[in-house]
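Visitor: I have a model open and want to learn to read it. Where do we start?

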Amino acid sequence: MSFLAGHSHPAMVVQCRGIGGFSSMALSAPCLSPVRMLAQEERGVPFQVGPAFYRRQSSLARDLGILLAALHRQQTGQLRVLDVMSGCGVRSVRYLLQARADFVWANDACNELMEILALNLSQAQKAATEDFEAREAELERWRISGEDANKLLLGCAVRREYYDLIDVDSFGSDTLCLGPALAAVKHGGLVYLTSTDGFSAGGHRPHNALASYGGFVNPTPYANEIGLRMLIGGAVREAATRNMKIVPVFSNYSYHGPVFRTMLRVEPGKWLRNRQGIA
Ligand SMILES: C[S@@+](CC[C@H](N)C(=O)[O-])C[C@H]1O[C@@H](n2cnc3c(N)ncnc32)[C@H](O)[C@@H]1O
């Protein structure tokens, strides 16, 4: 399922892309619980959670992602974002409004979230219309879909449709997206990765760490740092198979979860030559 931004009443009418092409589709009025439909705000940006997984404690990690995205846009003049595990779309909305992304694609495999995603993204576009120059406001700047993240990323790579920033906010030690994300990111672009696998970081599941990240992790007194290095190391290994190198831009550990996150710049080139990318 895939939706493109509509222009009449974008919250409720979106274009639906089916096998036969695009067609208009009316979304029914939100049927979500009144509590979950309460308006939320994060750093001044309004959105609704609906039935999605959302953690307010992760707002710092979202701040960092938005800052890097804004910097990337400032430095390169463009910002196309692919948020493959978007939940309610809070970070997509923030990429659109606060990092001034030219285009954001919010995807989540959970089809129940399409309604809330359409609502949040269309309201963000409306806010952007008031904020940005008229010329920019005319442009179609968001898209939502309910695909498996790997399928979506590989589809982009096959079509040679590359993104400046790919955000993979996954649960556990799901590293299946690493390769597809590296295949769909522009050279010089950013990949923002997450792991919530504290057991592997703590050395309590060494075989799982080996399978997911390519490193056999023993228990250490510095598990939080090891968790970040484990995640970066997995990405470095995956990138090396593609003749790409990884430059870690920042990493962040949060005790809730725990959550390990890293923002990586992806560049072409053999990483062993200059030792860049060694986590
Ligand atoms: C941690 S939550 C996302 C939170 C959101 N990024 C935020 O900042 O609030 C992870 C999301 O990934 C989705 N998900 C899990 N596996 C997926 C897959 N293979 N493809 C796409 N989405 C997936 C889940 O439905 C869930 O909404």
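Guide: Start with helix α9, residues 223-240. Helices (H or I, at least four residues) and strands (E, at least two) are DSSP runs, numbered from the N terminus. This is a predicted model: local features need pLDDT of at least 70, side-chain atom pairs count only at pLDDT 80 or more, and totals for chains, interfaces and linings use all residues. Residues are numbered from 1 along each chain as its sequence is written.

Visitor: How many residues does α9 have, and what span does it reach?

Guide: The expected span is 1.5 Å times one less than the number of residues. α9 has 18 residues and reaches 25 Å from first C-alpha to last, close to the expected 26 Å.

Visitor: Which residues of strand β6 are buried?

Guide: Buried means 20 or more other C-beta atoms within 10 Å of a residue's own, placed from the backbone; exposed means 12 or fewer, partly exposed in between. In β6 (residues 80-83), Arg80 and Leu82 are buried on one side, Val81 and Asp83 on the other. Buried residues of α9 include Ile226, Arg229 and Glu238.

Visitor: In which sense do β6 and β7 pair?

Guide: Strands pair if DSSP finds at least two bridges between them. β6 and β7 (residues 103-107) are parallel, over four bridges. Arginine 80 stands opposite phenylalanine 103 in β7. β6 also pairs with β9 (residues 163-168), parallel over three bridges. There, valine 81 has leucine 165 as its bridge partner.
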